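Subject: Structure handover

Hi,

Here is the structure we talked about. Please open it next to this email and follow along.

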Amino acid sequence: MMGSDQAVAEVSSFRAKRHVPPSPSNPTPDALYWSAQMGAVSVKRDRASFMRIYDHFAPRLQRYLRNLGVPESMSDELVQEALLALWRKAATFDPARASLATWLYRVARNLYIDHVRREPHWLPIQEGLDRLEHAESARGDSQPESFVDQDILKQAIDRLPPVQAKLVRMCYLESKSHSEISAELAMPLGSVKSSLRRAFAKLQSNMRAPQ
Amino acid sequence: MKPNHHLDDATLLSYSAGALPAALAVVASAHLERCAACRARLLDADRIGGVLLQQQRVGAPTEHARAAMLALLDTEPAFEQETLPPDIVEEHQPDRLPGALHPWFGNSMRALRWRRVAPGVQRIRATGISGGDLMLLRIAPGSMLPLHSHGGSELTMILDGAYDDVLGHFGPGDVADLDGEIQHQPLTSPGVPCICVAATDAPLKFAGWVARTLQPLLGF
């Protein structure tokens, strides 16, 4: 892992400056580390690497699903299913397209909509959209997610004004619709949407840091 | 043919979060199928989800759960079977409805069985959708629709034909993602009927231009 970090530093000092290295106070492994683990799962079918991913992400997926109101027994099942999908489809993981966290987020979100919201057509549609995106990525048409972007995005989320941060969390972590948020906070629907729009614009500008 | 009118950022965020009511999500999916630009923005929205997932505060998994996971890997075949390709195609093809609409309306525009609901207006309503209301509308060429603003969320995608309003020209693939404050009065283009798919988030409570147009005529 340290070797990979040094490699990044040699390639681009600008990126290295923004990079937050793992340390005792910040022990979270970075996207580069997860990408390497995924490589081992995909190429060598390495179970130790798989279990490193499992140990880190399974509890996070579990918490995410429980927060959405998924009962414990079902969330256990969905977490297993998400990681089984990772084991099966490791070869389709493209670190240049999305980080492992983003990839797993999509898998868990899709399982939630399929199993809990019971929208039976969601999974095949997402698979179809994923294929289109894959083809674009292969043609070099898409914007890659660089390894440092995740840290910058994390800081940008932490810096959102309180109302915007609250709405983003209600949206993603409680899966509330605009109308539900509007009713719960007694906030006009138009204000809910415009706050979310402003939050997204801010976060997006941080994903497109000037090179 | 790239769309010129896109999904609102707030709609994309909600789609990414799995929080968009089902009817609106169908229309959003139909647009995403045609629009590479919105797919790229959706990936940005999913990245926010990825970071929020990373930030969840948690402990370590139990030994029991770890053992169960490893046991599951043993039951896996060495190679995954190729699944059937889903019906999602980016290119606009005459007569073909977007794949996201197939479960609700079939795949062929010509095969649709329209029901006349008002002079110059035909409709097919999707049945059995859980969140919100989803319908196809076919409006005669050169029609002016009476208009207004409204409260709820409404998403409309043009499938064939076109219309113009204060926001511009809307042709196949374009979406009108209106929030409650916008007033508009679509005028359908001459030549062919304007066929669109429209979704609202409030079942049985009709709001928006679709409803206001039809409400007095249908007695909702």
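A:Ala48 sits in helix α4 of chain A. Is A:Ala48 buried or exposed? A:Ala48 counts as exposed, because it has 10 C-beta neighbours inside 10 Å. From A:Ala48, go 20 residues along the chain to A:Leu68. The C-alpha atoms of A:Ala48 and A:Leu68 are separated by 30 Å. Please keep in mind that this is a predicted model.

**The two chains**

Chain A has 11 helices and zero strands. Its pattern along the sequence is therefore a plain run of α elements, α-α-α-α-α-α-α-α-α-α-α. Chain A has 211 residues, and 38% of them count as buried. Take the contacts in chain A between residues at least 6 apart in sequence: 63% of these join residues at least 24 apart.

Chain B has six helices and nine strands. Of its 220 residues, 46% count as buried. Among contacts in chain B between residues at least 6 apart in sequence, 70% join residues at least 24 apart.

**Helix α5 of chain A**

This helix covers residues 72-89 and has 18 residues. From first C-alpha to last, α5(A) reaches 25 Å. That is close to the 26 Å expected at 1.5 Å a residue.

Which residues of α5(A) are buried? They are A:Ser75, A:Leu78, A:Val79, A:Ala82, A:Leu83 and A:Leu86. Seen down the axis of α5(A), the buried residues fall within an arc of 130°, so they line one face of the helix. An α-helix has 3.6 residues a turn, so residues three or four places apart point the same way.

What covers the buried residues of α5(A)? The cover includes α4 (47-67) and α6 (100-115) of chain A. It also includes α4 (63-74) of chain B.

**The core**

The largest nonpolar core has 103 residues. Four of them touch the most other members: A:Ala82, A:Leu104, A:Ala108 and B:Val26. The largest share of this core comes from α6(A), with 10 residues. Where does the core lie relative to domain 1 (2-138) and domain 2 (159-207) of chain A? Both domains give residues to the core, so it lies between them.

Look at A:Ala108 in particular. Leaving aside neighbours within four places in sequence, A:Ala108 is in contact with A:Leu61, A:Tyr64, A:Leu65, A:Leu78 and A:Ala82. Of these, A:Leu78 and A:Ala82 are among the buried residues of α5(A).

**The contact between the chains**

The contact takes 61 residues from chain A and 56 residues from chain B. On the side of chain B that touches chain A, the elements that give two or more residues are α1, α2 (22-34), α3 (36-54) and α4 of chain B. The largest share of that side, 15 residues, comes from α3(B). For the complex, the predictor gives an ipTM of 0.86 and a pTM of 0.86.

Most residues other than glycine have a negative phi. Two residues here go the other way.

- A:Ser175 is not a glycine, yet its phi is positive, at about 50°. A:Ser175 is in the loop between α9 (162-174) and α10 (178-185) of chain A. This serine counts as buried, because it has 21 C-beta neighbours inside 10 Å.
- B:Asp95 is not a glycine either, and has a positive phi of about 75°. B:Asp95 lies in the loop between α4 and α5 (102-105) of chain B. This aspartate is exposed, with 10 other C-beta atoms within 10 Å.

**Confidence in chain B**

Chain B averages a pLDDT of 85, and 82% of the residues score at least 70. Where in chain B is confidence lowest, and where highest? Confidence is lowest in helix α6 (residues 208-218) of chain B, at a mean of 52. It is highest in helix α1 (residues 9-16) of chain B, at 97.

Two stretches of chain B call for a note. Over residues 203-207 of chain B the pLDDT is below 50. Beyond near neighbours in sequence, that stretch has 10 contacts in the model. Over residues 216-220 of chain B the pLDDT stays under 50 as well. For residues 216-220, the model has six contacts beyond four places in sequence.

Best wishes

Notes. Residues numbered from 1 in each chain as written. Chains lettered and ligands numbered in written order. Predicted model: local features only at pLDDT ≥ 70, side-chain atom pairs only at ≥ 80, totals over all residues. Helix = DSSP H or I, 4+ residues; strand = E, 2+ residues; numbered from the N terminus. Expected span 1.5 Å × (residues − 1). Buried ≥ 20, exposed ≤ 12 C-beta atoms within 10 Å, placed from the backbone. Arc of directions from axis to C-beta. Contact = placed C-beta atoms within 7 Å. Core = buried A, V, L, I, M, F, W, Y, C linked by C-beta atoms within 7 Å. Domains from an automatic or database assignment. pLDDT = per-residue confidence, 0-100.
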